[in-house]
Amino acid sequence: MRRTSSWTGFGRVLGLLPLFAAAAGCELTEVVTEEAEDAVVAEIYVYIDGNEVTARALLHRTFTQNQAPPAAEIVISRPADGRTARLSADAPEACTFGLQPDRIVGSCYTAGGDEIGWVRPGDILEVRADLGPDGSLRGRTTTPADFTVVQPAEFGGDGVPTCRIEPLTNIQFRWTSAEGTWAYLTETLIQGLDEISGDSTVANLVLTGLALSAADTTILYPANYGVFDRFDLDQEVSRLLQQGLPGGTEAQVEILAADRNATNWNRQGAFNPSGLIRIPSLQGEGTGVFSAGVVYGFRVVAATAGSPEALDENGVEFPSCGPPIDPSNPPS
């Protein structure tokens, strides 16, 4: 059972990188470089969350970031049977989840429901974006195979799949390997910390788990979340979450099986002081990424067994998410 949701990890707008030129040799030489042209950057993502399929395309520019690209026609297709989905213009927030930097002006296109509901894990997909006077972009990807969360093993609730974790303990999430996956990313939205800490800034705290390789299908929750947020997160809250979720809080968790294109577009190099190293998967008059990922989402409630918070609206207790795990001695 899946939770219908919109994954927010890979779909976020990432800062544009400056362009650098390098010359190799033993002697200093005078180099004349051509001025780089302004081009369209397209970030096109397809998400499969159970029977819910959505597609989002954010278009912006490399240099004139205060000017949105002209109207575009974006079509995603499945070569195996010729099925197609045409994305429609939407509000920018639908593509950026409210995180669009002020310095970037973009245009957003989306598709959902029956329009693109035919996409399935393992599909080979193609995209073509006609950009009017800016030319066109095209790309291809293979959607990762489906996967199953095996820990937690049980979920309750009439709507969102939900399990219960004992307050201030950690558990291990485990899932099956999905063929075609290059990395697994996981994110959690924790609610209720503000009432415990008195800090209104953590009312809806979003933390990212470790970026895991395709071979790693486990993560400790919540101790292994927020590794990239430690410098921004309040130290007291950070230390608290190392112990576990406080009683009375709850969280949404999403695990994403990401394809090669998304991994290459958002990857970190072994030594990259300049930031992200991007490898595009769109070709043509511009650059960008075309990616498809499979999402698994569920809800976690921090409550002691037998307490009112551990019960659903029908008075049935949520099943345990799993046995407590000592973060200092996790299972191998």
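In strand E11, Arg174 is the bridge partner of Gln151. Strands are runs assigned by DSSP of type E with at least two residues, helices are runs of type H or I with at least four, and both are numbered from the N terminus. The model is a predicted one, in which local features need pLDDT of at least 70 and side-chain atom pairs count only at pLDDT 80 or more, while totals for chains, interfaces and linings use all residues. Residues are numbered from 1 along each chain as its sequence is written, and side-chain values use heavy atoms, with hydrogens and water left out.

**Strand E11 and its partners**

The bridge between Gln151 and Arg174 belongs to the pairing of strand E9 (residues 149–151) with E11, which is antiparallel and has 2 bridges. Two strands count as paired if DSSP finds at least two bridges between them. E11 also pairs with strand E15 (residues 218–221), again in the antiparallel sense, over 4 bridges. In that pairing Thr218 of E15 stands opposite Arg174.

Of the 5 residues in strand E11 (residues 171–175), 4 are buried. Buried means under 20% relative accessible area, exposed means over 50%, and partly exposed lies in between, with a 1.4 Å probe and protein chains only. Gln172 is found in this strand, and its relative accessibility of 15% places it in the buried class. Beyond neighbours within four places in sequence, Gln172 is in contact with Gln151, Thr218, Ile219, Leu220, Ile325 and Pro331. Contact here means heavy atoms within 4.5 Å.

**The five-strand sheet**

Another group of 5 strands forms an open antiparallel sheet in the order E4-E3-E7-E8-E17. Strand E4 (83–86) and strand E17 (282–284) are at the edges with a single partner strand each, so one side of each has no neighbour in the sheet. On average, neighbouring strands of this sheet are turned by 20° against each other, direction ignored. Such angles are taken between axes, lines fitted to C-alpha atoms (for helices over the stretch in contact), and run from 0 to 180 degrees between N-to-C directions.

Strand E3 (residues 73–78) is joined to strand E7 (residues 124–130) by 5 bridges, and the two run antiparallel. E3 also pairs with E4 over 4 bridges in the antiparallel sense. Val75 takes part on both sides: Val75 stands opposite Arg128 in E7, and its bridge partner in E4 is Arg86. The hairpin of E3 and E4 has 4 residues between the strands, and Gly82 there takes a positive phi near 80°.

**Disulfides**

A disulfide is a pair of cysteine sulfur atoms within 2.5 Å, and by this rule the count comes to 2. With bonded cysteines counted along the chain, the pattern is 1-2, 3-4.

| Disulfide | S to S distance | S-S torsion |
|---|---|---|
| Cys95–Cys108 | 2.0 Å | about 80° |
| Cys163–Cys321 | 2.0 Å | about 95° |

The disulfide of Cys95 and Cys108 is right-handed, because the torsion about its S-S bond is about 80°. Cys95 lies in helix H1 (residues 93–96) and Cys108 in strand E6 (residues 107–111), so the pair ties together parts 13 residues apart in sequence. Both Cys95 and Cys108 are buried.

The disulfide of Cys163 and Cys321 is right-handed as well, given a torsion of about 95°. Cys163 is in strand E10 (residues 162–165) and Cys321 in the segment after strand E18 (286–302), so this pair ties together parts that are 158 residues apart in sequence. Cys163 is buried at a relative accessible area of 0%, and Cys321 counts as buried at 0% relative accessibility.

**Whole-chain values and confidence**

The protein contains 4 helices and 18 strands. Of its 332 residues, 45% are buried. Among contacts with a separation of 6 or more, 71% are between residues 24 or more positions apart. The accessible surface is about 16,300 Å², and carbon and sulfur atoms hold 50% of that area. Areas were computed by the Shrake-Rupley method with a 1.4 Å probe; for residues, only the protein chains shown count as cover.

The average pLDDT is 83, and 82% of the residues score at least 70. The pLDDT is the predictor's confidence in each residue, on a scale from 0 to 100. Residues 3–29 have pLDDT below 50, and this stretch has 65 contacts in the model beyond near neighbours in sequence. Residues 31–35 are also below 50, with 1 contact beyond near neighbours in sequence. Where pLDDT is low, the predicted coordinates should not be read in detail.
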